[in-house]
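Dear colleague,

Please find the structure below, handed over for your records. A short account of the findings follows it.

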Amino acid sequence: MNATRPFGSLAILYGLCMSVFAYAGTLSWFQFTHAESTLFTSLLGAFFFVYPFISTWQEFGLNYVDKDEDPFSPSDDYHRRLTNACRMYPACWYLPVIFMFGTFIAFFVISDQIQPIYSVIAAMAFISGLWFVFVYPTARKLFG
């Protein structure tokens with residue numbers, strides 16, 4: 001059984017939970033998010049979801065290599081091929097980053113109601129979840 005889609009779905013759900021933590025930290029039900037142990041546990045959860053993403057990313061040769069270091073690196077071609085084959089590939093990056101920076105902008109406006117570190121954790125989980133649900137099957141067909 002292919003476990004990448006359920007794993008990606010769990011990562012997206014984890015990211016949604018962390019998104020709620022980012023914006024609901026001042027509510028009485030979510031006061032536990034201010035504890036250091038909650039933050040540490042949340043970071044461990046994010047790394048649990050991000051590590052498989054990073055390893056498959058590098059396995060497929062998608063990690064960027066500077067042309068000065070290796071002029072024959074195929075990473076640019078791989079990105080182009082994956083972008084053409086999977087329309088969700090750019091959104092895998094843009095959506096989490098836009099959410100994270102939108103949260104940071106909101107933090108500057110209403111700083112006492114938002115915990116931006118949880119938006120970073122949510123973005124890490126969202127990147128991994130979107131990768132495994134939408135992009136990984138296509139990347140595996142192209143490069144695997």
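Helix H2 passes helix H5 in a left-handed crossing, meaning that the near helix is turned anticlockwise from the far one by less than a right angle. Helices are DSSP runs (H or I, at least four residues), numbered from the N terminus. The model is predicted: local features need pLDDT of at least 70, side-chain atom pairs count only at pLDDT 80 or more, and totals for chains, interfaces and linings use all residues. Residues are numbered from 1 along each chain as its sequence is written, and side-chain values use heavy atoms, with hydrogens and water left out.

The axes of H2 (residues 36-59) and H5 (residues 116-143) come within 9 Å and cross at roughly 30°; these axes are lines fitted to C-alpha atoms over the stretch in contact, with angles running from 0 to 180 degrees between N-to-C directions. H2 is therefore roughly parallel to H5 (an angle under 35 degrees).

Residues of H2 in contact with H5 (heavy atoms within 4.5 Å) include Leu39, Phe53 and Trp57; on the H5 side, Ile121, Trp131 and Tyr136 are among them.

H5 has a kink of about 60° at Val135, shortly before the proline Pro137; the bend is the angle between axes fitted to the seven residues ending there and the seven starting there. Because 21 of its 28 residues are buried, H5 is largely enclosed by the rest of the structure (buried: under 20% relative accessible area, 1.4 Å probe, protein chains only).

Gln115 lies in the loop between helix H4 (89-109) and H5. Gln115 is buried as well, at a relative accessible area of 12%.

Methods. Helix = DSSP H or I, 4+ residues; strand = E, 2+ residues; numbered from the N terminus. Parallel < 35°, antiparallel > 145°, perpendicular 65-115°, else oblique. Buried < 20%, exposed > 50% of the residue type's maximum accessible area, 1.4 Å probe, protein only.
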